[in-house]
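The points below are meant for a colleague who is opening this entry for the first time, and they go through the record's annotations before turning to the place where the chains meet.

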Amino acid sequence: MSLWEYANPVKFLRLSERVLPWLWGLAVLCLAGGLIWGFFGTPDDYRQGSTVKIIYIHVPAALMAINGWFMMLVASLVWLIRRHHVSALAAKAAAPVGVTMTLIALITGAVWGQPMWGTWWAWDPRLTSFLILFLFYLGYMALWSAIEDPDTAADLTSVLCLVGSVFAVLSRYAVNFWNQGLHQGASLSLDAEKNVADVFYHPLLLSIAGFVLLFLALVLYRTGTEIRVRRTRALRARQGSGAGQGAGAPQEGSA
Amino acid sequence: MKALLVRDLRLALRAGGGFGLGLAFFLIVVVLVPFSVGPQPELLGRIAAGVLWLAALLACLLSLDRILALDFEDGTLDVLATAPLPLEAALSVKALAHWLTTGVPLVVAAPVLAVLLNLPVAGYGGLVLSLALGTPALSVIGTFGAALTVGIKRGGLLLSLLVLPLYVPTLIFGAEAARRSAEGLDATTPMLMLAGISAGVLALMPFASAAVLRVNLR
């Protein structure tokens, strides 16, 4: 029993159908728990007032924006090395979710920045690199939609994802060099001594868990949809070309 | 390789090759800047380095689809792909030809246009050096973009959407180096970073370009 068994679309679909209800349920529970606890159960910050509560959306969304790209990178590598179609489709399915997370992080950040820094937008390294990440997501999705042949599209977008990752990291350090920041440093690290206070930390963790589960559920669901779309197209092509062998069960590899 | 380089240069220089278009574009962008921000000399002097870098980058972008598109249409690329010369080398040569026909003229023209924008005298050396170090990276990254979109009809807009984010680090370090030397500061660090980026993409990018071009020729 190895992980690669789920590279088979049928097995993958069967697994995701079994797992998805749990994922959705847990995601909703964690999100509701984290957000309600965060909004009503924690005190206002003594300097930031109630705006501190944006943290429960802003931080998890930002985390998932980066991890979403990272997941696409891993999926692209798997596709390039082992040629599993499910992997390529998972990368494709993750991109719109990731770009939404990036947008949420940017918008909540602007809403938070207005009262705190007195500005909606500053050319701060973190903000700027998120904007660049957003552009990378857009380019990636645009390339997917521009190419007809699915395998060619998967190959090209995978290489773009690899190259883009290198340049995204490069840009991250380049903008650090280019401008000093307003944004605070990391304050959730496991090994750091000074972190966010515990009152905010625990609901935040719950909310992060909710976002992770939601991301996973969305990606699994969308990947399943992509597989089915592929399969219908294959079936229709077979019927279109007329003739005999098309009547049987849809072949798994044909996706 | 030499034959390929000579062929590409010759094609670019002949009529219809689009040589000089990039240069004209560079000139026009620079001329338009004072119209949009106002003619105050001190303001122009402050933004000159950045504007020149941005204009050079856009001029470079303009000619990217010419690197491969014509060769793709008439089948030259298929010949190149089956030739004994590795595709990586062929693409490096094409990037070099692009740099010689686009990047070098931009580097040469930049000081002249810098006069129009009232760049401080101290900045000329830094500007030319930073452009000379940075434009090869622009050509090589652009070749990757061109290889990525070569099979797509009307891929020009998509090409810019894909390539411009990849240009960010080069632009940051290049413009920073030019700005620092214009203000009389020490520009060694950004200059070294810029050279590092150019060297890095020169070494690695042809592999990515060749990989996607093989997919597109399949």
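How far apart do the end C-alpha atoms of residues 55-81 of chain A lie, and how much of the span is helix or strand?

1. In this predicted model, the end C-alpha atoms of residues 55-81 of chain A are separated by 39 Å, and the span is 100% helix and 0% strand. UniProt, in an unreviewed entry, lists these residues as a "transmembrane region", together with residues 21-40, 93-115, 127-147, 159-179 and 199-221 of chain A.

2. One of those listed spans, residues 199-221 of chain A, is likewise 100% helix and 0% strand, with its end C-alpha atoms 34 Å apart.

3. For chain B, the UniProt record, also an unreviewed entry, places "transmembrane region" at residues 12-37, 43-64, 96-117, 123-150, 157-178 and 190-213. Among them, residues 96-117 of chain B are 95% helix and 0% strand, with 29 Å between the end C-alpha atoms, while residues 123-150 of chain B are 96% helix and 0% strand, with 38 Å between the end C-alpha atoms.

4. Where the chains meet, the contact is made by 21 residues from chain A and 19 residues from chain B. On the side of chain A that touches chain B, α4 (125-146) and α5 (150-178) each supply at least two residues, and the largest share, twelve residues, comes from α5(A).

5. As for its composition, the side of chain A that touches chain B divides into 17 nonpolar residues, three polar residues and one charged residue.

Terms used
Residues numbered from 1 in each chain as written. Chains lettered and ligands numbered in written order. Predicted model: local features only at pLDDT ≥ 70, side-chain atom pairs only at ≥ 80, totals over all residues. Contact = placed C-beta atoms within 7 Å. Helix = DSSP H or I, 4+ residues; strand = E, 2+ residues; numbered from the N terminus. Nonpolar A, V, L, I, M, F, W, Y, C, P; charged D, E, K, R; others polar. UniProt positions renumbered as here; feature names shortened; annotations may be inferred.
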